[in-house]
Amino acid sequence: MVKQNPIIYACLICIFLFYSGLVKIKERNPFVSLIKPEQVSELNGKIKSSPIKISSGKYYSVQLEVFDVKSVQNYNSSAKGIITAFLPTEMVEALYPGKLYSSSKKTGAFLCETGAIVKLKGNINQKNNDLIFYCKSGTSSGFENSFLGKLNYIRALCRLHFKRLMYKWGEAGGLFLALLSGAKEYTSKVTTEAFKNAGLSHILALSGMHLSLFSGIAVIIGKKMKKYSFVFFAKPFSIFLFVWFAGFSPSLLRAFICSSFLILESIANVKKSNMITVLCFSFLLQSIISPSDITNAGFLLSYGALAGILLFSELFTKLFIKFMPHSISSSVAASTSAQFFTAPISLKLFGTFCPFGIIASTVVSPLITIFIYIGLFLIVINLICPIFANISGIFINFLYTIIKNIVIVFSHLPIINIGE
């Protein structure tokens, strides 16, 4: 497999250099200003990422491309680079359904999404060798008057309206929102913790599973219509649409690169893909595009899980097929391979490993697939006939309750813990 394959060799060399510490990954766009970071009191810039709520719940984290800064002495300076900004929860959530804050009048409230031009007041602190701007108040001048700016504005509105639609579905809507947009602010804490303790956090992380679901819809519709030209165009379009809406995370970027490469191979009429080569190519390309992802937990677990499936799935299938049906053995083998390969990564990063996550993933993953497909169908029905909104909410919450209770059962099973 590795013989005479320069892509695999290059990938293995890079893995050794990156994770042995021999090569240090430098920040590609470090924050630079004539004013010292500790003297900065105001930033002007553009939001480059979707807001993510941090564990404490007090702030949302965004990546901010800085244009200029102001000091506490009111001196202005041009600036460049990207800095992590922590925005107060009441500022970000002020427009969200069911999360209106009167205190947002003090901190400011605006559509906080990728592409928004903002002016933020606060201070810069250093945390774990990283500069973080803690925002106290802010304003926005909207989005750039360009094609990309208008596209970002449309995306921001779509994400906001989708949150409002999912809010009507209660806890089920919170899970559905997390699965389709990566926004977890409406996901129940009990549910989130249960997924984590059951070894199912990868299901909530946007990845290849989600891209496969959406491309699968295009394939199903195309076959029903008996128009394969539709599949040819709809499959990549559905993938691009989902990634555009959800936004790039390290694991989703990996899935997008792999999917795009496979689509190009199908266009070139390549009969059989070498998935290990595709994965290695994706690793190298993502390391170039976004080198900061290399140390991200989602990046490591995403590549580790897929590498485990590609390397060991066939071996475990031969083992399991002796005492279980082929349809089940292949699914269990894939889960076992992923868990087997990511166990050292999980123990290193978190100090824990969930051995029963193999069984949990085999049981829960198909249910999540059904949950997403039914949810998408009900959304279409609600848009056509709003009168069915309450009935669909009851039905989707019934399915959610089944999934939640199964995950909670798995979350109570023993885990391996080497932490303090």
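**The second largest cavity and its surroundings**

Modeller: In this predicted model, the second largest cavity is lined by Asn 197, Ala 198, Cys 354, Phe 356, Gly 357, Phe 410, Leu 413, Pro 414 and Ile 415. Its volume is about 30 Å³, and by class the lining has seven nonpolar and two polar residues, with no charged residue among them.

Gly 357, one of these lining residues, also belongs to the contact that helix α14 makes with helix α13. Helix α13, residues 326-350, and helix α14, residues 357-384, pack with their axes 9 Å apart and at an angle of about 135°, which makes α13 oblique to α14. The crossing in which α13 passes α14 is right-handed. On the α13 side the contact is made by Ser 331, Val 332, Ser 335, Thr 336 and Gln 339, and on the α14 side by Gly 357, Ile 358, Ser 361 and Thr 362. Sorted by class, this contact holds seven polar and two nonpolar residues, and no charged ones.

For the setting, the count comes to two cavities of 30 Å³ or more, and the largest cavity holds about 60 Å³ of space. Its lining consists of Val 92, Leu 95, Tyr 96, Phe 110, Leu 111, Cys 112, Glu 113, Ala 156, Arg 159, Leu 160 and Lys 163, with the largest share, four residues, coming from helix α4, residues 147-167. By class, the lining of the largest cavity has eight nonpolar and three charged residues but no polar ones, whereas the lining of the second largest cavity has two polar residues and no charged ones.

Key
Residues numbered from 1 in each chain as written. Predicted model: local features only at pLDDT ≥ 70, side-chain atom pairs only at ≥ 80, totals over all residues. Heavy atoms only, no water. Axes fitted to C-alpha atoms, helices over the stretch in contact; angles between N-to-C directions. Helix = DSSP H or I, 4+ residues; strand = E, 2+ residues; numbered from the N terminus. Parallel < 35°, antiparallel > 145°, perpendicular 65-115°, else oblique. Left-handed = near helix turned anticlockwise from the far one by under 90°. Contact = heavy atoms within 4.5 Å. Nonpolar A, V, L, I, M, F, W, Y, C, P; charged D, E, K, R; others polar. 1 Å grid on protein atoms, 1.4 Å probe; cavity = no way out; pocket = protein on both sides within 12 Å on 5 of 7 lines; lining within 4 Å. Points joined across faces, edges and corners; volume = space filled by probe spheres on them.
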